[in-house]
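Student: I have the sequence and the structure open. Can we go through the chains and their contacts together?

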Amino acid sequence: MAPKETIICIGCPLGCRVTVIQDKKGNVAGLKGAECKQGQKYVLEELKNPVRTLTATVPTGDEGFPLLPVRTSLSILKTLLKPVMVETARVKVKPPVKAGDVILKNVKRTGADLIATADWPGSTGEG
Amino acid sequence: MASRVDVAVIGAGPAGLAAAIAAREQGAEKVLIIERAEQLGGLLPQCIHNGFGLLYFEQDMTGPEYEKAFIAKAMSLGVETRLETMVIDLDAERGITAVSRKHGYMRFKPGAVVLAMGCRERSRGAVGIPGTRPAGVLTAGTCQRFVNIEGYMPGTRYVVLGSGDIGMIMARRLTLEGAKVEAVVEIMPWPGGLIRNEVQCLHDFGIPLLLESTVTFIHGEERVEGVTVCRVDAERRPVEGTEKSYPCDCLLVSAGLIPENELSRKAGVELDPVTGGPVVDQNRQTSVPGVFAGGNVVQVHDLVDWVSWEAEAAGRAAARFADKGELKAAAGVRVMPGDNIKYVVPHTISGREDVTLHMRVTQPGLKATVKAGGILSKRFRSVRPSEMVVLDLKGEALKEAGLKGELVVDCEMRGGG
Amino acid sequence: MPAVETEILIIGAGILGAATARELSRYKADVTVVEKNVDVGWGITKANVGVVCQGRDTLEFRPEYHRTRLLWKALPLMEPLCKELEVPFKRVGAYLMIRDQVLKEKLDKLAKRTESLGLGADKYYPYPELKEKEPFISPEIKGGLHDPEIAVVHPVYLTQALMENATRNGVKLMLETEVTGIRADHTTFTVLTNRGEIKARYVINAAGEWVDKIAAMVGADDFVLFPIKGYVGVLDRNCAQLAGSLLAVLPEEPGDMNIVVPTVEGNLLFGIQLQINRRHDRSTTGHMARLALRNARKLIPEISEKDVINSFCGYLMFRNFEIGWHECEVAMSERVPRFINMTIGYPGVSASPGAALEVVEILQRDGLGLEPDPGFDPKREDIPDFSLLSERERKALIKRDPRYGHVVCRCETVTEGEIVEAIRRGATTLDGVKFRVRPGTGRCQGGFCGPRVTRIIARELGIPETEVTKSGGASTQVPLRTKQLLEKGGADG
């Protein structure tokens with residue numbers, strides 16, 4: 001038996017809990033619990049391609065601005081969130097950085113770049 | 001202040017920035033933002049997650065990106081700022097007293113004031129969690145500042161009390177940063193934040209959301225060693241015999257936000273006990289002439305986009321007030337919350353111009369119809385207290401209705417929550 | 001480690017230890033104080049609501065009791081002492097009230113006794129008159145006896161000031177020094193601590209909650225102590241108008257203490273139903289909190305749960321609970337010469353200056369020659385409180401040190417200048433700063449200022465932020481750096 005999966009629709013405040021019914025081969029045979037057509041569409045897409053934008057920070061070594069906020073340029077597979085996070089602890093950045101600058105290209109082969117979401121002009125002096 | 005300030009904006013968060021920009025665009029010469037923190041943006045710099053600007057810019061932005069767009073605009077318009085400056089007094093004649101390390105002690109009277117102080121989190125003390133008083137109990141927002149800005153983590157294993165948006169977003173952040181979040185505990189039968197956050201912050205990471213539950217005890221001498229979680233009954237009282245303990249070294253409290261109105265009180269601004277914010281008219285003018293308010297200081301919004309829009313209205317009106325020394329009354333009609341409506345903002349409207357009403361329902365429900373008098377009714381597939389309901393009323397329709405005195409807003413439901 | 005030698009060793013820097021140290025610092029004596037916590041006044045002193053009682057507010061102060069004598073000795077001393085040390089002291093007055101007209105008799109008896117002891121004539125106000133004085137009192141109150149002398153202090157501020165002044169006058173203070181054992185011979189005590197041995201001729205045991213345990217180390221434990229605790233709620237300053245005086249309901253049963261207390265800072269405290277407790281248990285339960293709120297609302301119906309900004313555990317040590325709470329112990333042990341036990345229970349803070357005097361007398365009677373020190377300076381200057389200053393004073397202060405222009409804690413208007421000064425005077429932790437200059441005690445409870453105070457402490461002490469603690473030991477505020485857990489996880493991920 002294929003395991004049943006429940007997906008919560010985020011289309012509206014209703015938050016339908018949609019149960020995905022699968023046949024023996026694991027194909028989607030039906031959906032139960034979606035109140036509307038858009039919800040069904042969302043759930044099917046979420047099943048096929050569950051992607052998220054990852055936002056995080058990377059260390060700068062600058063005491064006055066220890067972390068630079070970053071995001072992935074595209075949504076990436078949910079399963080790749082953790083491996084990309086591990087990368088954020090390793091990456092070395094140098095100032096100056098402008099919001100939108102690429103920090104890591106094609107990070108963890110997700111197809112997405114890690115890009116800065118804020119400016120980091122660099123330390124203007126000690127303290 | 002050497003020269004006259006036309007509009008002084010207190011707070012440089014999304015509300016303050018938007019109000020200052022709007023005031024300049026409306027023609028105010030000198031617009032000054034006073035901010036207690038070290039940088040502009042309020043809480044936006046620490047909100048590194050996305051989900052901002054979907055309505056305002058029709059773009060999915062992070063907090064720092066949203067902030068940057070407003071700061072750039074404010075700077076290009078010549079908005080002036082004073083950072084690390086605390087307004088310690090505001091009087092009923094708009095007199096501002098502020099202090100800072102750099103500029104010392106300042107007193108001045110601007111042409112108009114916009115209150116944009118935002119809101120604060122309810123603390124452990126305010127929530128009244130029993131138990132010992134060790135290190136490792138902090139609000140979700142303070143934790144967010146430590147983790148995303150200061151570069152420190154308050155613990156490795158967490159329980160989050162309250163499923164407000166910040167609590168859920170922090171549950172995800174901490175998990176992504178390698179910590180373990182044991183559970184998010186919510187006293188109500190429904191989550192306190194947006195569905196989107198419930199799914200993408202909790203569900204995605206397998207973090208349990210314990211509804212109708214609360215933390216009934218904090219354990220630990222020097223550091224938190226764990227918490228006891230209990231189910232609650234219909235009166236939200238812990239049910240004996242349902243205790244379950246969760247070992248953890250940190251308890252995050254995300255149990256609601258309170259508009260920050262200490263200064264408003266000093267100025268004698270009338271406050272609404274339900275929203276916790278000032279009573280405002282359509283122009284976002286408070287009960288004190290020339291003092292306007294916008295954003296979370298008025299009502300706690302779920303989306304920053306609405307904070308910006310609301311503050312813009314306040315900023316524009318403040319600029320007009322600073323110019324003319326008064327404003328045409330925009331308070332002819334009182335807006336009253338009716339069935340299943342907790343509050344409506346603004347509290348009064350002109351009854352002539354277009355207006356947007358913000359409101360929250362008391363009880364969640366399905367197939368809801370929100371009615372503003374006989375003027376407009378709008379249907380919602382579902383409503384929840386955690387998601388703000390917004391109604392746009394047309395000036396034409398209002399005039400046609402010829403409102404006398406008040407407008408009651410009701411929410412009818414055909415299905416339970 | 002070479003042994004520290006001292007003439008007089010005081011164990012415990014709570015209110016009693018600090019008051020005694022400061023009293024002894026008037027003389028040319030070699031005095032050392034050991035304290036196991038990282039700061040002073042953090043034992044049961046911190047768990048006290050700070051009422052300076054006048055010995056006439058309950059039927060339990062009989063003239064023959066030792067603690068009554070200590071309290072009377074202390075009564076004229078407290079206000080001048082606070083003035084000398086610049087510690088806030090507020091004579092708020094009190095109403096002891098009844099809900100049942102039948103109890104009026106008891107109040108009359110109390111008033112009569114007060115008068116006969118020459119302590120003053122307390123006036124009874126029936127409800128309508130009482131309401132004029134305290135407009136928020138519940139109409140269910142029938143009337144109250146007014147004691148105009150009752151005052152409030154902050155017990156921790158007082159302890160800090162006493163200790164600051166004592167060390168300035170030559171007393172040595174050793175923090176984070178825990179006594180683990182005591183050996184006695186005919187002339188000297190050898191006190192074992194986590195920081196090595198201390199040799200002393202006299203030992204003054206003012207260990208607060210642990211007085212009996214310390215006494216037992218040397219066989220001077222001819223008394224038993226019971227911990228008593230109760231929930232104390234703290235109300236927002238917005239509620240200050242709800243009570244101008246200390247309001248109390250005449251107890252109908254022992255432990256039945258229902259009071260609302262204005263603090264020196266302008267908050268109101270409420271509580272406290274007392275109960276026998278396990279040793280060292282400072283936890284409060286939801287039940288205690290609900291009961292306290294319900295009781296407080298019987299006094300002042302307008303007190304609301306919404307205005308409770310914090311709570312703490314009131315905590316006292318009582319001696320010989322089973323035979324009444326009456327006797328205290330401020331005496332040289334009959335079994336162990338030169339070993340003095342100090343424990344008062346209620347009213348420990350109010351009686352502390354009297355107890356300190358008594359210890360000096362005990363030492364003199366024992367033949368210790370105490371010669372006045374001509375260099376003794378009784379004065380101590382308080383840390384400036386920016387929130388209370390006039391505009392002119394504020395301007396002058398900021399001009400002298402711009403850090404006083406940087407408000408770090410919005411709720412209480414606390415400046416960086418005050419925080420730095422608190423650290424200079426010995427605060428090394430978040431609670432240490434909080435219990436000196438109040439950042440984080442207001443309605444947001446440190447939500448905004450917490451990270452900033454952490455940073456200032458780290459900077460001033462020259463330690464990493466990861467080592468800044470709430471209250472010493474393992475209570476670090478932020479034990480890790482962001483990314484530290486990922487670096488570890490990186491190995492297997």
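Student: How many helices and strands does chain B have?

Tutor: Keep in mind that this is a predicted model. Counting the elements of chain B gives nine helices. The strand count for chain B is 29.

Student: Why does chain B count as compact as a globular protein of its length?

Tutor: Start from the length of chain B, 417 residues. For that length the globule rule gives 22 Å. Chain B is as compact as a globular protein of that length because its radius of gyration is close to that value, at 22 Å.

Student: What share of the residues in chain B is buried?

Tutor: A residue counts as buried if 20 or more other C-beta atoms lie within 10 Å of its own. The C-alpha atoms of chain B fill a box of roughly 65 × 55 × 40 Å along the principal axes. Of the 417 residues in chain B, the buried share is 61%.

Student: What share of the contacts in chain B comes from residues 24 or more positions apart?

Tutor: Take the contacts in chain B with a separation of 6 or more. Then pick out those between residues 24 or more positions apart. Their share is 64%.

Student: Now the contact between chains B and C. How many residues does each chain give?

Tutor: Chain B gives 41 residues.

Student: How do the residues on the chain C side divide by type?

Tutor: Elements giving two or more residues to this side include α7 (286-299), β18 (308-319) and α13 (484-490) of chain C. By type, the side of chain C that touches chain B has 13 nonpolar and eight charged residues. The polar residues number 21.

Student: Which residue of β23(C) is the bridge partner of B:Tyr152?

Tutor: Strand β12 (residues 152-153) of chain B and β23(C) run antiparallel, joined by two bridges. B:Tyr152 has its bridge partner in β23(C). That partner is C:Arg481.

Student: Which element of chain A gives the most to the side that touches chain C?

Tutor: Nine residues of chain A are in contact with seven of chain C. Two elements of chain A give two or more residues to this side: β5 (55-59) and α2 (81-90). The top contributor, with six residues, is α2(A).

Student: How far apart are the C-alpha centres of domain 1 and domain 2 of chain A?

Tutor: The domain assignment puts domain 1 of chain A at 5-49. Domain 2 of chain A covers 55-116. Their C-alpha centres lie apart by 32 Å.

How values were computed
Residues numbered from 1 in each chain as written. Chains lettered and ligands numbered in written order. Predicted model: local features only at pLDDT ≥ 70, side-chain atom pairs only at ≥ 80, totals over all residues. Domains from an automatic or database assignment. Contact = placed C-beta atoms within 7 Å. Helix = DSSP H or I, 4+ residues; strand = E, 2+ residues; numbered from the N terminus. Rg over C-alpha atoms; globule rule 2.2 N^0.38 Å. Buried ≥ 20, exposed ≤ 12 C-beta atoms within 10 Å, placed from the backbone. Nonpolar A, V, L, I, M, F, W, Y, C, P; charged D, E, K, R; others polar. Pairing = 2+ DSSP bridges.
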